[in-house]
Amino acid sequence: MLSSKKNKLIFILFFFIEIVVAQISPSVNITINDGLPSNDIKCFYKDSRGLLWIGTEAGLCCYDGSVLKIFNETSGLKYDSVWSIVEDEKKNLWLSLYGHGLAKYDGKKFVYYNEKDGLVNNAIRKIHYSKKYRCLILATEKGLGLFDGKHFKSLFQNTSWGSFQVVGIEETSEKIYITASYSNVFNLIIDKDIHNSRLEKVFTPIISYSSFVSDNTYLSGGANRFLFVRNLKTNKENTIPTPIIWDFAKDDDNNIYCASWNVTDPKGGLFKYHNGKLTDITKQANITSTMLWCLLYDKETKQLWVGSGDKGIYRVDLSKQINFLKPSFFGLKELEIQELYNDANNTTWIGAKDNILLLHKDLKYTLFDKASIWKKILNYLQQKGVNTKTDKDYKKFYTRNNFTSFNIMPDNEGNIWVNTTIGTFCFDKNYKILFHKFLDGGHLVFDEKDHAYYGLMYFNIYFMSNKYDWNYFREFSVKDSSVPKDITKIVKEGNRIWIASHQKGMYLLQNNKFHSLKFKENFIKDLIINEYGQLVIGTNSGKVYIARWNGTALDILHIYKPYRELYGTSISFVEHSKNTYFIGTNKGINIVQNNKFIKLINKSEGLTDIQFNDCIKDKKGNLLIATNDGLIQLNVTEVLKSNESNKKPINISTIKVNGKLFTNSNITWNTYNHNELKLDYNHNDVEIVFSANTIFNADKNVYRYKVIGLSNNWNNFESNNKIQLLGIPNGKYKLVIEGKNTGTGDFFQTKILHITVTPPFWKTWWFLLSCFILLLIFAYLIYLNRVRLIKKEEKAKYEIQKRLAETKMEALQSQMNPHFIFNAMNSIQNYIIDNNTDDALMYMGEFSKIIRQTLNNSSVQRIALADEIEYLKSYITLENMRFKNQVVFELLVDEELDLFEIEIPPMLLQPFIENVFVHAFDNKSVHPKLTLSFKQKDNYLLCKIIDNGKGMLSGNLSKLHTSKGITLVKERIALFQENNEHSIDISSKPNEGTTVVLKLQIE
């Protein structure tokens, strides 16, 4: 320890300087190696879409947190030097193209303006858009310009320098302050007609290259390397020596940051102005460039963007979530920390390689390095009367070059015990050594009676009833399975002491007795007791168990598993603060709340080293994390703050259909600004790329989606921001995309895209409806035609039936003609007169039979051939009686004919039989004979009527063909058998007889 007051004063001053210099804020450096077009940065602007626009000397750059998109001559921007960027109320970007005028970018194309269009000067240093007056204010090398979108207005003032160089534009609710470098500060008064606008002098500052107004305070960067400060109410002025300041930015705590660079020498850096004091924080911000030119404070993420002239961009975290105490903070080159403990005074004890440190709550520290430790050991041994020259333990351990720490533990009196590889130390409240014992390292704990238990590394456990006398002890052998070996962590809870092991899981020490507990895993990495008295056990498998002691065993309440609640597969520490778990893994610090993953802190937030060795909670609930490169301070309150009120939208940036880029008028600012997408049925392979514009830790954006209509199931959250939908069937679908940032825990606005795949025309409703209508029309026409045909058929059928009926009647009439009836009645009369009663009765019987059969046959369409033959036999018999039975009748029937199955139309043959008796025979006929035969040939029935009567000449034969009776028979056959051609054949020779052949189809 430093002894003299002078040395103490030097120490305190040195400590103060280190506090300013070595307490490091997380920062990230972005250069051309990361995609910037140039390391010479001229300006920043964050637009309303959340995109960061970066002006460089080699073009414009757009940063969405993941990709740096460059605009230069090849992508439509004619000029490369971009010095200033603003956005108007229509969301157009306006660019200062230094030396080449002004450009407007509407998301699709650039429009240029220069001196030929009325611009005051092409060398524009700064652009400001006044929402109040809806116009651009342009600071140029040779005057001030106004532009309302239609008209330019130029404003000048006489200066000693010659040109009216405008370097600053600051608009407040009352005035617009215009700073000219070699002139005055003016108030710009803008009229409705900008041509009537004017400048009014306010005051004269020093020669300035930049300006800033905040809370009635005017600041400017002086050319003579001063910060000029003026109170706008009291007009009190002050100057503070500093390199030339080129830009300003203000954070939420009213700190004003200044980017400086002397141009002609290497002096420069980042400064912070607060309450009248200017502090150089270049090293604290981990900035290595002294050529700083521009600044932007992002209120949303509390990040300060710093643009340099030679080393690109620095992004400095001002959120106060994380702070680094690097080795230089403690005046060391290296600081490999193994163990931490926070005592009752909120002092953090740090056990490190070759050092023991005490970090006090005011961020002052006490350092015991290797030399001072051995000095303390020497003083302690001398007080105990130990001769260090002859003491073997002293000689053995003193020759060791290094030492490390195992565990730090308080006793019941509030003394702090530190276990190292050069022994166990007991420090009192004044950091004086009360006890020391040379040992190779191990773990120490005290029970409720302040008895000491010491587990030697890889060896047995020793019990000392007097914590200051280790010569008398009780030994617990590790050969006993209930005794812990290879201890990794010890935690006290009342009269219970929980011990975690490297190989054998969990143990309980209670009432001076060890108990081996049945636990799911053997390799325990860390162990704590949470605010609810539950054990939190981190294991080597990457799982974290929440358990409660039920008196006999551990009940597992919950398990946090890798790839579910946790990122990472190896646990380095577990801690619980403000109802939240902080779990260190090989991926970073996982934050879990209410059994749900909230966020992950790692490299994106500035953690360059995620090899965590230990973690403790201080009295405010903040975390201190040990690493191989110093200490990490985690402000739990700031870490747990959420930004739910400002959810970022998820934007669709690219759509490919069938492998080709989808172009549409709805695509502006690299975003598809529509919630519907219509595709043809043969263009149904879709690739959609999307993202949320998070310019801070965008690498932690994760997304999930579902396509309602294809599947209602969400996929898992993953960093992939591309969706491929192949062969989408025609129909309507709803693509729902959700996202969150695992670094901030913030969720994004849900994106919904309605996708319609139009069917081919033959599947469209109008085509189907048209086909249906045509089908109905066609069916109706068929129906009408069918009705017409049916009516026609019915009519024809009616005509046929009518004609059949008429034919039957005519046939009946022809059969029953008066001549026949007269002859029949006359024959009966003659029989009666001749008293030939038998013949008269027989004649009357046959006559009545014929009448009855004729009437019966007239009501049917067909009759059996047997019935027709019987009818004809009766008729022939009756007719033959008139001829005194002189006509010989012969009936010939083919044996193959089935007389009862074959049916023919009735009364077809009777007219021909009648002709035989009327015309073929008379009183002169000799041996008259009538032959009636029936024979089947193919599918026809041949009916022959043969007589040997008088016969006919050919002329009379033709008349026979056209006789009414024969014509009626032909019509009847044609009606019943349409395809039966030549159905009747009549042949006759005079004096030889006549033959009639009827050909009928057999059905």
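User: Which residues lie nearest the centre of the largest pocket?
Analyst: Phe44, Tyr45, Lys126, Leu295 and Leu296, out of 42 residues that line the largest pocket. Keep in mind that this is a predicted model.

User: Ok, and how much space lies in that largest pocket?
Analyst: About 1400 Å³.

User: Which strand gives the largest share of its lining?
Analyst: That's β27, with 6 residues. β27 covers 292-298, and among the other strands that each supply at least two lining residues are β3 (41-46), β11 (124-130) and β19 (208-214).

User: How does the lining split by class?
Analyst: The largest pocket has 21 nonpolar, 7 polar and 14 charged lining residues.

User: What about the second largest pocket, how much space lies there?
Analyst: About 1200 Å³. It has 40 lining residues, and Glu339, Lys489, Ile490, Asp526 and Asp614 are the closest to its centre.

User: And how do the residues of that lining divide?
Analyst: For the second largest pocket you get 18 nonpolar, 12 polar and 10 charged. Strands that each supply at least two of its lining residues include β31 (337-342), β43 (487-493) and β47 (524-529).

User: Switching topic: what's the strand order in the open sheet of 4 strands?
Analyst: β39-β40-β41-β42, with antiparallel pairing.

User: Which strands stand at the edges?
Analyst: β39 (442-446) and β42 (474-476); each has a single partner strand, so one side of each has no neighbour in the sheet. From one strand to the next, the twist averages 20°.

User: Over how many bridges do β39 and β40 pair?
Analyst: Over 5 bridges, in the antiparallel sense, with β40 spanning residues 452-456. Val445, for instance, has Tyr453 in β40 as its bridge partner.

Notes. Residues numbered from 1 in each chain as written. Predicted model: local features only at pLDDT ≥ 70, side-chain atom pairs only at ≥ 80, totals over all residues. Heavy atoms only, no water. 1 Å grid on protein atoms, 1.4 Å probe; cavity = no way out; pocket = protein on both sides within 12 Å on 5 of 7 lines; lining within 4 Å. Points joined across faces, edges and corners; volume = space filled by probe spheres on them. Nonpolar A, V, L, I, M, F, W, Y, C, P; charged D, E, K, R; others polar. Pairing = 2+ DSSP bridges. Axes fitted to C-alpha atoms, helices over the stretch in contact; angles between N-to-C directions.
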